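Trainee: I would like to learn how to read a structure. Can we go through one together?
Mentor: Gladly. Here it is.

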Amino acid sequence: MKTVREIAREWEACPQEAWGELFAQYGQDERAGVQKLVQRYEKKKAALEKERIRIHAMTEFERAYPEYELICGVDEAGRGPLAGPVVAGAVILPKGLEILYVNDSKKLSEPMREKLYQEINEKAVSVGVGIVGVEKIDEINILQATYEAMRLAVAHLDPQPDLLLNDAVTIPKIPYKQVPIIKGDAKSISIAAASIVAKVTRDRMMREYDEIFPEYGFGQNKGYGSASHMEAILKFGPCPLHRRSFLKSILTQAEENSGVRYEEREGSAGDQRE
């Protein structure tokens, strides 16, 4: 007779699709340790079934357009921060593909986003990324910069899409049929995948910039206006990564504190890939 430890190892090595055989084999085993294993995997099975139902619901919009073969989700990361680029992701997933735990990137932990980012890139038909840097954001405003990042992301797809599912917006100057979906990153698996690609790409960039401008804490705040970030701007003034159009009031205060005018950038923010 197998020990409880041996049965546990057997279950760990067994693919989820074959758990039914183990339930049948060990369901009547009266040993308390075995029954705990059975109960644990019954809970895991129930959780996986619930997740599959959620993921299927997130394909509603993709299934609503069967006449389109290459359906692309589009989303952005970084519209709101005080510093750093805005990044857009565009993802075409194979029809019927199931990637568990895909969700609005803001609802996922960083390790889960990184894991899903890798899986999305491995399994997608095509992935495109568009990046627009700080100078362009200040020149044309953040909304227009976001549209430009989205156009770049779509342009980088190969093959090109037949239909775009966008998170809330209609992108100007783009030749494809578009469907804007409010809170689309929580409703469409394609948009959610695009949100993960955009956020992971941007977060990695901000961690790299943190090594260049460590005083602002970009590795932690990703350019958003945390209290410590605001204090750093007041103390050190802005760096080349800061969006001047977002900082008018705080720059006025920083100039008053330091006696230095911050009209011109100094240094380089590195490759912002506009």
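Trainee: How many bridges join strand 1 to strand 4, and do the two run parallel or antiparallel?
Mentor: First, the ground rules. This is a predicted model, in which local features need pLDDT of at least 70 and side-chain atom pairs count only at pLDDT 80 or more, while totals for chains, interfaces and linings use all residues. Residues are numbered from 1 along each chain as its sequence is written, and side-chain values use heavy atoms, with hydrogens and water left out. Now the general idea: strands of a sheet pair through backbone hydrogen bonds, either parallel or antiparallel. Helices (H or I, at least four residues) and strands (E, at least two) are DSSP runs, numbered from the N terminus. Two strands pair if DSSP finds at least two bridges between them. Here, strand 1 and strand 4 (residues 163-167) are parallel, with four bridges. In that pairing, G73 faces L165 of strand 4.

Trainee: Which way does strand 2 run against strand 1?
Mentor: Strand 2 (residues 86-92) is antiparallel to strand 1, with six bridges between them. G73 takes part again: its bridge partner in strand 2 is V91.

Trainee: In what order do the five strands form the sheet?
Mentor: The order is 3-2-1-4-5, in an open sheet with mixed pairing. Strand 3 (126-132) and strand 5 (177-181) each have a single partner strand, so one side of each lacks a neighbour in the sheet. From one strand to the next, the twist averages 20°. Strand 5 pairs with strand 4 in the parallel sense, over five bridges.

Trainee: Is strand 1 largely enclosed or open?
Mentor: Burial is judged by relative accessible area: under 20% is buried, over 50% is exposed, and in between is partly exposed (1.4 Å probe, protein chains only). Strand 1 (residues 71-77) has six of its seven residues buried, so the rest of the structure largely encloses it.

Trainee: Which strands does helix 8 lie across?
Mentor: Contact means heavy atoms within 4.5 Å. For angles, axes are lines fitted to C-alpha atoms, for helices over the stretch in contact, and values run from 0 to 180 degrees between N-to-C directions. Helix 8 lies across strand 1, strand 2, strand 3, strand 4 and strand 5, at about 35° to strand 1. Helix 8 (residues 189-212) is mostly covered, with 19 of its 24 residues buried.

Trainee: What does I142 touch?
Mentor: Leave out residues up to four places away in sequence, and I142 touches G78, R79, V86, I137, R243 and F246. I142 belongs to helix 7 (residues 142-155). With a relative accessible area of 17%, I142 is buried. G78 is 64 residues away along the chain, yet the two C-alpha atoms are 9.4 Å apart.

Trainee: Which peptide bond is cis?
Mentor: The bond from D158 to P159 is cis, with omega near 10°. P159 lies in the loop between helix 7 and strand 4.
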